[in-house]
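Q: Hi! I have a protein chain to look through today. Could you walk me through how it is put together?

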Amino acid sequence: SWDYVQKEKAPDMLHVLQFPYNGEPPRRRLVEDEVTSNADFFVRNHGGIPEIDAGSYFFDVDGFVKNPQRISLQELQNESKFPRQSNVVTLQCSGTRRIEQIHEYPGDGDELINAPWSEGAIGNARWTGVSLKKVIKYCGGFQDDFDPNDMHLEFYGADTYFKKGEVYNYVVSVPWRKVKMNEVLLAWEMNGEPLPRIHGFPLRTVVFGYIGARSTKWLYRIKAIKGPSRAPVQMKEYLYYTPQIGKHNVKYSNGFSIQDMPVSSAIMAPEDKDQIVHDGKIELRGWAYSGGGHWPIKVEVSGDGGNIWYQVPPDRLSKKYFHGWRTWSMEMPVDAEGWLDFCVRCWDNSLNTQPTFVRSAWNWDMHVTSSCHRIKIFSVN
Ligand code: MTE
Ligand code: MO
């Protein structure tokens, strides 16, 4: 997989884990553009990178659909059979900013699979493919004795990984409710190019507004099942625990399975501990995102740890998309010297905003660090 890192990723990616390969781009570059280039897009893997030949590639749709089908890439790309859909969608790993939770208390961080991410495990791309809804319709929908509201679609990735001495396939699921809204794409194109190998070539799912974990790379099977998947990634990972759960009492059944990503944001420039010589203003840049069908409407920054907030001027937010992030920039008035506590918070279109401190939402598996992002800046007038 190191070959593909060198071929497909920017040379200055920050390698969060060497194997399985996990990497994120340098902070400043991630917010230079509202679209994240394929080379800069973060990579989150549980195992290796399968080598799949697009020419002979197909995937199966089976389980409780009426007419199971085997569909090749050429067939899926045949526009007279399946209409194409193209969407700007942000993918965010629920481990984004985990490093801040690790600093409070390491939790399950001794498990290599929990990568110590900073603020870059998020990216925004234009994905092109076919809505999974169309493919399920093509298979005749679900068998008559099932209520569609009970149905889930299980995705199988061709990669395998090891955990606690066992070998697993990457398998997760999403509810039909999500598919029905045309919010699950079978995508072969990322920013107008074929999917890079490292991002799931030749075909992956893109699940809008959910944690990145549901957007299955190297897809080879879609199975219609009743209820969520029983597979280990769905059942034992991406669980959100209450603060009293720790090493001594953790049970998978005590965790909530995470789907929608909540509202969050980050300051990407300047960086924590930077010393800045200025004449009364410091330029801040960052991203803001809300999953679950929400979008950012307002971003606020504070230079005093969160007492006085300044609104980022609306015209300094990038374009609004239903399923995309917004990058932002701001000339922050600064009239004090020495160490200053900068922080950011975002409000989404339902007026949800972010928890105040990391430790108010610490959880054993250290997912969804959505508290106000804080950095310290040394200010010199
Ligand atoms: N799909 C497969 N087959 N194997 C994986 O390890 N990781 C998931 C998801 N899909 C994963 C996968 C996780 S946890 C995330 S956050 C996203 O892929 C990351 O997508 P990216 O690597 O294309 O950025
Ligand atoms: Mo993830």
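A: Happy to! One term to begin with: the domain bounds used here come from an automatic or database domain assignment. Also keep in mind that this is a predicted model.

Q: Good to know. Which domains does the assignment give for the protein chain?
A: Domain 1 covers 2-257, and domain 2 covers 264-380. Their centres, taken over C-alpha atoms, are separated by 27 Å.

Q: And how many residues does each domain put into the contact?
A: Domain 1 contributes 38 residues and domain 2 contributes 29 residues.

Q: Which elements give two or more residues to the side of domain 1 that touches domain 2?
A: There are helices and strands on that list: α2 (27-30) and α4 (98-104), along with β6 (85-92), β7 (122-131) and β14 (239-240).

Q: Switching topic: what is the strand order in the open sheet of 3 strands?
A: The order is β16-β18-β21, and the pairing is antiparallel. On average, neighbouring strands in this sheet are turned by 30° against each other, direction ignored.

Q: Why is one side of β16 and of β21 left without a neighbour in the sheet?
A: β16 (264-269) and β21 (326-333) are at the edges and each has a single partner strand, so one side of each has no neighbour there.

Q: How many bridges join β18 to β21?
A: 8 bridges link β18 (residues 281-289) with β21, and the two run antiparallel.

Q: Nice. Which residue in β21 is the bridge partner of Ile-282?
A: That would be Met-332.

Technical notes. Residues are numbered from 1 along each chain as its sequence is written. Chains are lettered from A and ligands numbered from 1 in the order in which they are written. This is a predicted model: local features need pLDDT of at least 70, side-chain atom pairs count only at pLDDT 80 or more; totals for chains, interfaces and linings use all residues. Two residues are in contact if their C-beta atoms, placed from the backbone, lie within 7 Å. Helices (H or I, at least four residues) and strands (E, at least two) are DSSP runs, numbered from the N terminus. Two strands pair if DSSP finds at least two bridges between them. Axes are lines fitted to C-alpha atoms, for helices over the stretch in contact, and angles run from 0 to 180 degrees between N-to-C directions.
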